[in-house]
Protein chains: 2
Amino acid sequence: MNVPFDKLDKAFENRVRLQVMSVLVVNDKYDFNSLKELLGVTDGNLASHLKALEKEEYIVVNKVFLGRKPNTNYAATPQGKEAFKRHLDALEALITQQKSS
Amino acid sequence: MNVPFDKLDKAFENRVRLQVMSVLVVNDKYDFNSLKELLGVTDGNLASHLKALEKEEYIVVNKVFLGRKPNTNYAATPQGKEAFKRHLDALEALITQQKSS
């Protein structure tokens, strides 16, 4: 069985990004602080990975005001959800191949 | 279902390294040029990832002479096989969680 390694997406070659996408594809949106707390990462670390995912247009950022307080939240884009699914499918093929060998 | 993201191993957060390990865990050993050809990567790229895996003691390098020709081959270590299995198990948990949500 040939594993489609070329289907692995460089944008998801990182634990934080895997976690961000796995949260955003099953939630409509998630704000920065909740993501930071959930993942247990620093502001800077999270911000850099969010920027990279945004640059790929896999997520979008939304800045709103809750009362007077600014709130930044993120959502997965359709192409982000699709790309993440393709990435997981390629990983699943790798796991299946490893288990059958 | 909680995904054990902390079980994901930074050493495998790269497509080339995933490919190297998926080859070495199902083969006793594999030489540099065959790996390079199989993965379709440059000498330098492959060498840097092999060095990183070697540093983690996930693979060992073996330099022999075939007749007069030097041959460098690589093999996964027991801890490398174990670490790779743990990594794939954590990825499998992520995939299962995504499919059930």
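How are α1(A) and α3(A) oriented to each other, roughly perpendicular or roughly parallel? The tour of this predicted model starts with that pair.

**Stop 1: two helices in chain A**

Select residues 15-24 of chain A, helix α1, together with residues 43-55 of chain A, helix α3. Two packed helices are described by the angle between their axes and the distance between the axes. Here the axes come within 10 Å and cross at roughly 70 degrees. Angles of 65 to 115 degrees count as roughly perpendicular, and α1(A) and α3(A) are therefore roughly perpendicular to each other. The crossing of α1(A) past α3(A) is right-handed.

Now show the side chains at the contact. From α1(A), pick A:Val16, A:Arg17, A:Val20 and A:Met21. What they meet in α3(A) is A:Asn45, A:Leu46, A:His49, A:Leu50, A:Ala52 and A:Leu53. Coloured by residue class, the contact of α1(A) with α3(A) has seven nonpolar residues, two polar and one charged.

**Stop 2: an arginine in chain B**

Move to B:Arg15, which lies in helix α1 of chain B, residues 15-24.

Next, display the neighbours of B:Arg15 in chain A: with residues up to four places away in sequence left out, B:Arg15 touches A:Phe5, A:Asp6, A:Leu8, A:Lys10 and A:Glu13. For a distance within chain B, pick the C-alpha atoms of B:Arg15 and B:His49: 10.0 Å separates them, while along the chain the two residues are 34 apart.

**Stop 3: the sheet in chain B**

Select the strands of chain B. They form an open sheet of three strands in the order β1-β3-β2, with antiparallel pairing. Strands β1 (30-31) and β2 stand at the edges and have a single partner strand each, so one side of each is left without a neighbour in the sheet.

Zoom in on β2(B), residues 59-66, and β3(B), residues 69-76. The two strands run antiparallel and are joined by eight bridges. Along this pairing, B:Asn62 stands opposite B:Asn73 in β3(B). At another position, B:Leu66 has B:Lys69 in β3(B) as its bridge partner.

Finish at the turn of this hairpin. How many residues lie between the strands β2(B) and β3(B)? There are two, and in this hairpin B:Gly67 takes a positive phi near 65 degrees.

Methods
Residues are numbered from 1 along each chain as its sequence is written. Chains are lettered from A and ligands numbered from 1 in the order in which they are written. This is a predicted model: local features need pLDDT of at least 70, side-chain atom pairs count only at pLDDT 80 or more; totals for chains, interfaces and linings use all residues. Side-chain values use heavy atoms; hydrogens and water are left out. Two strands pair if DSSP finds at least two bridges between them. Helices (H or I, at least four residues) and strands (E, at least two) are DSSP runs, numbered from the N terminus. Axes are lines fitted to C-alpha atoms, for helices over the stretch in contact, and angles run from 0 to 180 degrees between N-to-C directions. Angles under 35 degrees count as roughly parallel, over 145 as roughly antiparallel, 65 to 115 as roughly perpendicular and the rest as oblique. A crossing is left-handed if the near helix is turned anticlockwise from the far one by less than a right angle, and right-handed if clockwise. Contact means heavy atoms within 4.5 Å. Ala, Val, Leu, Ile, Met, Phe, Trp, Tyr, Cys and Pro count as nonpolar, Asp, Glu, Lys and Arg as charged, and the others, Gly among them, as polar.
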